[in-house]
Amino acid sequence: MKIHDIACLQDNYSYLIIDDSTKEAAAVDPVEPEKVLEAANSHGVTLKLVLTTHHHWDHAGGNEKIKELVPGIKVYGGSVDNVKGCTDQVENGDKVSLGADITILALHTPCHTKGHISYYVTGKEDEHPAVFTGDTLFIAGCGKFFEGTAEQMYQSLIVTLGSLPKPTRVYCGHEYTVNNLKFALTLEPDNLRIQQKLTWAQNQRNAGQPTIPPTIENEMETNPFMRADLPELQEKVGCKSPVEALGEIRKRKDNWRG
């Protein structure tokens with residue numbers, strides 16, 4: 001299994017997931033279809049399906065066009081989300097196969113949108129799994145609660161995504177890492193891992209490189225939203241439960257101007 005990131009629009013990421021043995025590929029959120037097809041051609045792979053994380057235009061907006069460019073391509077999207085161009089709706093727990101060795105598991109991770117899906121992808125036994133989290137989980141951050149509640153984001157982030165194997169690689173929908181880590185430091189100024197990650201992320205961006213993928217384990221060490229179940233962080237934001245803390249951290253982030 002190979003994964004290639006494709007920078008799109010201002011700060012979006014689309015992805016190619018490639019099954020090595022068959023050279024079949026899936027595109028995640030191909031908002032700029034021509035760019036994604038060009039990447040597929042350069043890697044010598046055949047696009048078989050599209051995985052859409054949620055209905056927002058900067059993720060689903062290329063679906064109709066990619067169906068024109070690749071006749072017969074399947075477009076997967078969450079059953080609750082009314083995804084543009086969707087041919088195959090998925091619900092939590094549904095599985096999709098790609099090529100010979102790749103299995104894609106749909107995880108319902110609502111809050112940013114009601115029907116948001118994250119895709120957990122496994123290849124051969126010796127390969128670390130990956131999860132494509134759209135706008136639910138960012139590096140050191142999470143999506144705004146546009147269509148949901150702190151309780152839902154707690155379930156999506158800490159319960160669902162937080163229970164994935166720790167080495168799982170995280171491929172999110174936007175490059176927001178530097179800003180997210182700067183905010184994380186306002187909550188935990190003494191967290192050495194956040195300090196180190198910020199320095200690294202700034203160097204990556206200065207060199208024109210992406211900051212993906214971290215692992216689920218990295219996120220549990222540096223992402224304040226995934227750390228909301230820690231009593232010491234709850235105390236810092238004046239809360240007594242993970243859900244309350246998650247809501248308070250989100251509110252602070254929404255009002256933070258960096």
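Reader: Is Cys-142 buried or exposed?
Author: Happy to start there, keeping in mind that this is a predicted model. The relative accessibility of Cys-142 is 5%. Buried means under 20%, so Cys-142 counts as buried.

Reader: How many disulfides does a search of the whole structure find?
Author: A disulfide is a covalent bond between the sulfur atoms of two cysteines. For Cys-142, the closest cysteine sulfur belongs to Cys-111, and at 7.1 Å that is too far for a bond. The cut-off for a disulfide is a pair of sulfur atoms within 2.5 Å. Searching the whole structure gives a disulfide count of 0.

Reader: Let's move to the strands. In which sense do β1 and β2 pair?
Author: Strand β1 covers residues 2-8, and strand β2 covers residues 12-19. The two form a hairpin with 3 residues between them, and Leu-9 in the turn has a positive phi of about 50°.

Reader: How far apart are the end C-alpha atoms over residues 11-174?
Author: An unreviewed UniProt entry places the feature "domain: Metallo-beta-lactamase" at these residues. Over this stretch the chain is 20% helix and 35% strand. The distance between its end C-alpha atoms is 5 Å.

Technical notes:
Residues are numbered from 1 along each chain as its sequence is written. This is a predicted model: local features need pLDDT of at least 70, side-chain atom pairs count only at pLDDT 80 or more; totals for chains, interfaces and linings use all residues. Side-chain values use heavy atoms; hydrogens and water are left out. UniProt positions are given in the numbering used here, feature names are shortened, and annotations may be inferred rather than shown by experiment. Helices (H or I, at least four residues) and strands (E, at least two) are DSSP runs, numbered from the N terminus. Two strands pair if DSSP finds at least two bridges between them. Buried means under 20% relative accessible area, exposed over 50%, partly exposed in between (1.4 Å probe, protein chains only).
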